[in-house]
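Here's a quick tour of a model you can follow along with in your viewer.

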Amino acid sequence: MEKKESLLEGLWGEVRELSLGNRIQRLDSAPSPLQFLRDYVSPNKPCIISNAISHWPALTLWPNLSYLSSTLSNSIVSLHLTPDGHADSLVPLENPRKEETCFVSAHMERVPFPCALDLVLNPERKNLVAYLQQQNNCFQEEYSALASDCDAHIPWATEALGGCLPEAVNLWIGNHLSETSFHKDHYENLYAVVSGEKQFLLLPPTDVHRMYIRDYPAAQYSYSGGSGEFRLELEKPMRYVPWCSVNPYLPPETKEIEMSKFPLYFNGPKPFHCTVKAGEILYLPSMWFHHVRQSPDDNGCTIAINYWYDMQFDIKYAYFNFLQSIHCGSRLMNYDASKCTISDALSVDATELEAEEAN
Ligand SMILES: O=C(O)CCC(=O)C(=O)O
């Protein structure tokens with residue numbers, strides 16, 4: 001058991017030593033497609049690129065919020081509402097029965113853009129946190145009036161990634177309270193910040209065991225405009241979502257207990273931390289775990305647009321799945337990590353836990 005743990009620690013170290021180094025590389029201009037493919041996509045390695053979108057009118061137009069409101073005055077957009085800015089995240093259940101924590105999605109409403117922006121900018125007015133986002137190609141559908149302000153794709157990335165246009169282009173407009181919890185996506189992500197700043201914590205796919213991915217019951221916030229209250233409702237029929245258990249920014253009151261529950265994360269190598277500023281692009285490779293926070297510009301919001309390209313389901317993907325499958329215990333429900341050691345966490349047998357659950 002200890003052997004398995006030290007083998008994994010060896011893997012995390014070797015990946016950093018041989019490939020990733022200790023910080024995210026920065027490029028001063030757009031790479032050629034060949035350089036991007038050879039130095040970043042093939043080795044599955046992030047980078048931040050400056051001066052690649054300087055020609056976008058969006059950089060000067062979008063921070064002027066009255067431009068956005070007038071251009072989008074007739075657009076109906078998807079708005080995500082939560083009580084605290086944490087959507088797609090883990091929340092304790094108010095009446096715990098079997099599971100104590102659920103995976104909660106935001107209350108979603110389709111709203112005229114000017115009203116939606118007003119809610120993003122004034123969280124205190126209705127005591128809610130609004131995040132304009134929808135990961136379904138929303139930029140090209142809901143925000144088509146802004147299409148000429150930026151490129152429809154990132155040309156050098158499109159060429160490097162096989163020539164197909166992005167599968168989805170998404171717009172994100174949020175305030176300082178919106179936070180996206182640790183997760184990974186099966187896409188190559190080119191994430192461009194237009195206004196404000198985004199702070200990313202990044203961990204490579206080789207660190208999957210440090211995320212303690214478990215199955216959580218899915219729940220939904222529902223918001224009533226009348227009472228101004230949120231209700232948290234478990235989905236019916238029950239559905240389970242595998243999600244990362246680690247919250248990297250712990251409030252002092254739970255810090256000690258959370259750190260002891262997730263030692264592989266808190267005692268292992270620090271995640272890569274990077275700030276992506278207005279005018280910069282982060283290349284976030286497929287399957288990398290990421291946690292995102294934001295600092296607004298002087299207008300009170302952060303604006304970003306990301307391009308999701310299909311990933312190659314190649315040998316790296318197969319290796320990753322194999323690695324993930326070694327840690328079978330982390331995918332089970334009701335598995336109380338606080339009661340086990342690091343070695344237990346790595347060696348726990350799925351059938352044992354299932355049997356325990358059945359009893
Ligand atoms: O900007 C955010 O809040 C989240 C971005 C993200 O998770 C993604 O692009 O995959």
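## A walk through the model

The buried residues of helix α2 (residues 33-41) are Phe36, Tyr40 and Val41. They span an arc of only 70° around the axis, so they sit on the same side of α2. That arc is taken over the directions from the helix axis to the C-beta atoms. "Buried" here means 20 or more other C-beta atoms within 10 Å of the residue's own, "exposed" means 12 or fewer, and "partly exposed" is in between, with C-beta atoms placed from the backbone. The cover over these α2 residues includes β2 (47-49), α8 (155-160), β11 and β17 (281-284), where contact means C-beta atoms, placed from the backbone, within 7 Å.

Some housekeeping: this is a predicted model, where local features need pLDDT of at least 70, side-chain atom pairs count only at pLDDT 80 or more, and totals for chains, interfaces and linings use all residues. Residues are numbered from 1 along each chain as its sequence is written. Helices (H or I, at least four residues) and strands (E, at least two) are DSSP runs, numbered from the N terminus.

On to the sheet. Five strands make an open, mixed sheet in the order β4-β10-β18-β12-β16. At the edges stand β4 and β16 (272-277), each with a single partner strand, so one side of each has no neighbour in the sheet. Pairing takes at least two DSSP bridges between two strands.

| Strands | Sense | Bridges | Example partners |
|---|---|---|---|
| β4 (residues 86-87), β10 (residues 179-183) | parallel | two | alanine 87, threonine 180 |
| β10, β18 (residues 289-295) | antiparallel | two | histidine 183, histidine 290 |
| β12 (residues 197-203), β16 | antiparallel | six | glutamate 197, lysine 277 |

What surrounds the ligand? The shell is Trp172, Thr180, Asp185, Asn189, Tyr191, His290, Val292, Ala304 and Asn306, counting a residue if its C-beta atom, placed from the backbone, lies within 6 Å.

Most residues other than glycine have a negative phi, and most peptide bonds are trans. Asparagine 44, in the loop between α2 and β2, has phi near 55°, and it counts as buried because it has 21 C-beta neighbours inside 10 Å. Asparagine 127 also has a positive phi, about 60°, but it is exposed, with 10 other C-beta atoms within 10 Å. Lysine 236 and proline 237 are joined by a cis peptide bond, with omega about -5°; proline 237 lies in the loop between β14 (229-234) and β15 (240-244).

Technical notes. Two residues are in contact if their C-beta atoms, placed from the backbone, lie within 7 Å.
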